[in-house]
Amino acid sequence: MSLFGIIVSGRLVQTDFQLVDIGKFLITIPNAESINHIVVFLTPQQPLPPDAGASVYFSWPDSLSPPTWQYLGFISNDKPSAIFRIAKLKNLISSGSGDGMTNAFGFNQPIVSQFAQIGIALEPLAQIQQMTADVSVNPINGENMLTMAAKTAENLFNFACSFARTLLPDSNEQFVPLSAVYQWYQNFLRKLEQDPKFLK
């Protein structure tokens, strides 16, 4: 039994990782076009070595060249499983625009593959924790979504308040021009394109 396993929604668990180099494991995933998320986990066979983690990489098939690897994140004894979103990675890899783009998983004999692949490398945990995956890889959990929504609403409210005007005499009601909300929307989209983490 392998140290690692993966779950693709609607499919059987896969644990048939192959050792391809020292501390590097590989598994293929057929028909990856329809996959949105993959769960990678440690099996109960044995724990990882102390102070080590397992960095997880993904590659889309390319019949003409060896795999290009995208760093997804990591698992460890303290974090034995993780869910990764891979639906958007194909475009990132083909365009070379992914922040997490790396060939660090590559091994001595890169093999052209007709299937998507998951690569796992055993590395020092301190080194892995310094690596950053592309923002599109990790699904936003409920708590993060709530925080993001609150910060977005606060940002809009503060911006709109600077345009608020009282239109009727003897009224406490204030109004904001629709053009101000549209201006906020355009600014928000521009900032999001430049830095998806700007609200943090």
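The legends below describe close-up views of a predicted model.

In this predicted model, local features need pLDDT of at least 70 and side-chain atom pairs count only at pLDDT 80 or more, while totals for chains, interfaces and linings use all residues. Residues are numbered from 1 along each chain as its sequence is written, and side-chain values use heavy atoms, with hydrogens and water left out.

**View 1. Overview of the protein chain, with four helices and nine strands.** Helices (H or I, at least four residues) and strands (E, at least two) are DSSP runs, numbered from the N terminus. From that terminus on, the elements follow the order β-β-β-β-β-β-β-α-β-β-α-α-α. The mean pLDDT, the predictor's confidence in each residue from 0 to 100, is 78 for the protein chain, and 74% of the residues reach 70 or more. Residues 97-101 have a pLDDT below 50, and this stretch has 15 contacts in the model beyond near neighbours in sequence; contact means heavy atoms within 4.5 Å. Of the contacts in the protein chain with a separation of 6 or more, 70% are between residues 24 or more positions apart. Among the 200 residues, 36% count as buried. Buried means under 20% relative accessible area, exposed over 50%, and partly exposed in between (1.4 Å probe, protein chains only).

**View 2. The open sheet S1-S4-S7.** Three strands make up this sheet, and their pairing is antiparallel; two strands pair if DSSP finds at least two bridges between them. Strands S1 (4-8) and S7 (81-85) stand at the edges with a single partner strand each, so one side of each has no neighbour in the sheet. Direction ignored, neighbouring strands of this sheet are turned by 20° against each other on average; the axes are lines fitted to C-alpha atoms, for helices over the stretch in contact, and angles run from 0 to 180 degrees between N-to-C directions. Strand S4 (residues 37-42) is joined to S7 by five bridges. Val40 has Ala82 in S7 as its bridge partner.

**View 3. Strand S9 and its partners S3 and S5.** Of the nine residues of S9 (residues 116-124), seven are buried, so this strand is largely enclosed by the rest of the structure. Strand S3 (residues 24-29) pairs with S9 in the antiparallel sense over six bridges, and Leu26 has Gly119 in S9 as its bridge partner. Strand S5 (residues 52-59) also pairs with S9 in the antiparallel sense, over eight bridges. Here Phe58 stands opposite Ile118 in S9.

View 4. Ile118 has 0% relative accessibility and counts as buried. Leaving aside neighbours within four places in sequence, the contacts of Ile118 include Phe17, Phe25, Ile38, Tyr57, Phe58 and Leu72. Trp69 is 49 residues from Ile118 in sequence, with 8.9 Å between the two in space, C-alpha to C-alpha.

**View 5. Strand S6, Ser76 and the loop to S7.** Seven of the seven residues of S6 are buried, so the strand is largely enclosed by the rest of the structure. S6 pairs with S5 in the antiparallel sense over five bridges, and Ser55 has Phe74 as its bridge partner in S6. Ser76 lies in the loop between S6 (69-75) and S7 and is buried, at 4% relative accessibility. Apart from neighbours within four places in sequence, Ser76 is in contact with Leu42, Leu48, Ala52, Gly53 and Leu125.

**View 6. Aromatic rings and a charge over a ring.** Phe4, Phe17 and Phe25 form one aromatic cluster. A search of the whole structure finds six aromatic pairs. Rings of Phe, Tyr and Trp (its six-membered ring) pair if their centres lie within 6.5 Å; planes under 30 degrees apart count as stacked, over 60 as edge-to-face and the rest as tilted. The charged end of Lys79 sits over the ring of Phe74, 4.3 Å from the ring centre; the criterion is NZ of Lys or CZ of Arg within 6 Å of the ring centre and within 35 degrees of the ring normal.

**View 7. Asp51 in the loop between S4 and S5.** Asp51 is not a glycine, yet has a positive phi of about 60°. Most residues other than glycine have a negative phi. Asp51 is exposed, with a relative accessible area of 68%.

**View 8. Phe188 in helix H4 (residues 178-194).** Phe188 has a relative accessible area of 12% and is buried. Leu156 and Phe188 are 32 residues apart in sequence and 9.0 Å apart in space, C-alpha to C-alpha.
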